[in-house]
Amino acid sequence: MPSTYWTLGCGLLFKYMNTERIDQIIDRYKGEASSLIQVLLEIQSENRWLPKLALERVSEKLQIPLTRTMHIASFYKAFSLVPKGRHEVHICMGTACHVRGSKRVLETVEDLTGIKAGETDVEMKFSLETVNCLGCCALGPVMEINGKTHGNISVSETKAVLNSYE
Ligand code: FES
């Protein structure tokens with residue numbers, strides 16, 4: 001079994017990768033300290049966040065001080081130290097998207113998911129974040145889900161796109 005599931009007091013069900021699976025990932029890189037970021041990216045990609053126990057295991061196996069591993073894990077935006085939903089929604093609130101109605105898109109997502117930016121719903125389905133630019137300003141307003149860009153998106157399209165995710 002690659003992962004186990006834990007429930008927080010607030011009802012959040014989150015995924016916790018077991019040590020065996022973490023070791024498999026580390027072993028693929030032959031336990032080389034220089035593979036730290038790559039190892040963390042793989043754990044993040046599979047587990048959707050980096051639990052402290054995983055960081056401790058990586059540090060131990062790669063013989064890197066835990067403080068350095070924690071620093072890397074908290075420095076890069078690609079990593080999360082808190083549980084994330086199955087689908088990561090990013091709404092661009094940059095100027096180009098703002099003038100084209102990104103606020104309405106954000107409000108629609110908030111209404112449909114019941115969460116605000118920076119939060120994850122209790123079913124661990126969606127995590128919502130706002131960003132300042134996704135690098136495709138001509139497509140504004142822009143919503144990105146799991147790395148897929150939805151440009152020139154209207155309120156009704158926002159609802160349809162969100163509803164298409166299981
Ligand atoms: S301002 Fe939204 S993509 Fe650049």
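Reply: Gladly! One cut-off first: two residues are in contact if their C-beta atoms, placed from the backbone, lie within 7 Å. In this predicted model, L55, E56, V58 and S59 in α3 meet L66, T69, M70 and A73 in α4 in that sense.

Me: Why are α3 and α4 called oblique to each other?

Reply: Helix α3 covers residues 52-62 and helix α4 residues 66-75, and they pack at an angle of about 125°, their axes lying 9 Å apart. Roughly perpendicular runs from 65 to 115 degrees, roughly antiparallel begins over 145, and the rest in between counts as oblique. α3 and α4 are therefore oblique. Their crossing is right-handed.

Me: And what makes α2 and α4 oblique?

Reply: Helix α2, residues 36-47, packs against α4 at an angle of about 60°, with the axes 11 Å apart. Roughly parallel needs an angle under 35 degrees, and roughly perpendicular starts at 65. α2 and α4 are therefore oblique to each other. The crossing of α2 and α4 is right-handed.

Me: Which residues bring α2 and α4 together?

Reply: From α2 come L36, I37 and L40, which meet T69, I72 and A73 in α4. Notice that T69 and A73 are also among the α4 residues that meet α3.

Me: How do you know how far the prediction can be trusted, and where should I be careful?

Reply: pLDDT is the predictor's confidence on a scale from 0 to 100. The mean for the chain is 90, and 90% of the residues reach 70 or more. Residues 8-12 stay under 50, and the model has 6 contacts beyond four places in sequence for them. Where pLDDT is low, the predicted coordinates should not be read in detail.

Me: How is the chain laid out overall, in elements and domains?

Reply: It has 7 helices and 6 strands, in the order β-β-α-α-α-α-β-α-α-β-β-β-α. The domain assignment gives domain 1 (5-75) and domain 2 (87-163), and their C-alpha centres lie 28 Å apart. The C-alpha trace spans about 50 × 35 × 25 Å along its principal axes.

Key:
Residues numbered from 1 in each chain as written. Predicted model: local features only at pLDDT ≥ 70, side-chain atom pairs only at ≥ 80, totals over all residues. Helix = DSSP H or I, 4+ residues; strand = E, 2+ residues; numbered from the N terminus. Domains from an automatic or database assignment. Axes fitted to C-alpha atoms, helices over the stretch in contact; angles between N-to-C directions. Left-handed = near helix turned anticlockwise from the far one by under 90°.
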